[in-house]
Amino acid sequence: MDNRTDGRRWHDMGGQDAGPICDDQHDFSLWEKRVDALMILCSGKGYFTVDGLRRALEDMGEDAFESMSYYERWIASINQNLIESGAYTIEELGVKMAEVQARGETYGDASLGQ
Amino acid sequence: MPHDHHDHLSPSGHPYRQDDDTPLSYWQSMEIAVRELLVEKNITTLEEISTQIDKMDARGPALGAAVVARAWVDPAFKSRLLKDGSAASGEMGFDVGPMHLIALENTADTHNIVVCTLCSCYPRNLLGLPPDWYKSRAYRSRTVKEPRKVLSEFGVNLPNDTQIRVHDSTADMRYVVIPARPSGSEDLSEEDLAKLVTRDSMIGTGLAMMPNA
C-alpha cells in the first residue's frame, strides 16, 4: 500500500483487502464529545468547512490513521484549521497547552473540573 | 456483572474508552487548550458547547426509526421521503442539516447498504454518531468489494438472487436505508413498528426485527 500506483491516496480505501470487521463499540468520552461539538460550532461559525477538516485529516497520512484515535485526529485537524483561519496563533496554543498540562495528571484536573 | 469491572462500564453496558482511566493525554490537553482559547476569544461559550453536546446526545436511531415507521404506514409520506429525504424528515421535525438526505428502499429483490469509503459520512442527525466499525478500515475497504461477505459477517444472509446495491457517501449527502417491513407486522401501530427498526437496518447491515422476536 505504500507504493500505490493507482493514483489514489491512502484514505481512499474502497475495494482494498482488509480483515474482519470488529464490532466492539465504546461510548464516547466527554472530551470526545467536546471535540465533536467544537467541530460543529466552529464550522457553523465559518472558521472552516468540512472540506478543511478532511484536508487536514487526509494530509496526516496513514500512520496517523493507525496510531491515533478518531477524535484525536479530529482535534488535531480542528486545531490546524483554527490556526490557519486566525482564531488564535500557534504561540497562544503552545502557551495554553503547557498551562493545561501543568494543572494536573488527569483530564478532570487539567480541565479544571469541568 | 463482576464487581471489580463495574466502574469500567457505562450505563449502556459498553466499556468506556481507556482514555478515561489513564493520565491526561497530549490530545486531550489540546482539546482543553483549544476550547479555552475559543472561549477567551469570544468565539464560543461553555454553554454553547454543552448545549451542542446535549443536542448530539439526544439524537439516536430512534429518530430514523420513526421516519421509517411513518414510511411503512403512509405511502404518500414514503414517496415524499424517497423524493427528498431532507424535506420529508423535516416534516417530522427532524432537521438533517444542509446535507442532502437520500432514502433507499429495500424491496423483495433489492437490498441497500451504505458505506463511506473516504471517511465517515453518516446521517448523524437521524441516527446519532456512527458506530466504531462504520469508521473502520475493514468496513470502508471491503463493503464495496464483497458486500455479500460483509453482510454475512453481520448475520445477514440474503438469497443469491437478491440484488445488493452499495451506496458510497460523499461529504455533501447522506444515505438512510428504509428496511423492508417485516411480515407479521400488519396490525402494529406506527409506534410499535418503529421499535422493530434497528440502527443497523437503516445502514443496511441488518434487517428490521420480526414482531415478537
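Tutor: Gladly! Let's start with B:Glu31, which sits in helix H1 (residues 26-40) of chain B; a helix here is a DSSP run of H or I with at least four residues, numbered from the N terminus. This is a predicted model, where local features need pLDDT of at least 70, side-chain atom pairs count only at pLDDT 80 or more, and totals for chains, interfaces and linings use all residues. Residues are numbered from 1 along each chain as its sequence is written, chains are lettered from A and ligands numbered from 1 in the order in which they are written, and side-chain values use heavy atoms, leaving out hydrogens and water.

Student: Why is B:Glu31 called buried?

Tutor: Buried means under 20% relative accessible area, exposed over 50%, and partly exposed in between (1.4 Å probe, protein chains only). B:Glu31 has 0% relative accessibility, so the residue counts as buried.

Student: What makes B:Glu40 and A:Lys96 a salt bridge?

Tutor: The term asks for a side-chain nitrogen of Lys or Arg within 4 Å of a carboxyl oxygen of Asp or Glu. Here the closest N and O atoms are 2.4 Å apart, so B:Glu40 and A:Lys96 form a salt bridge. B:Glu40 lies in helix H1 of chain B and A:Lys96 in helix H5 (residues 90-101) of chain A, so this pair joins two chains.

Student: Why are B:Glu153 and B:Lys149 separated by about one helical turn?

Tutor: Because they are four residues apart in helix H8 (residues 147-153) of chain B.
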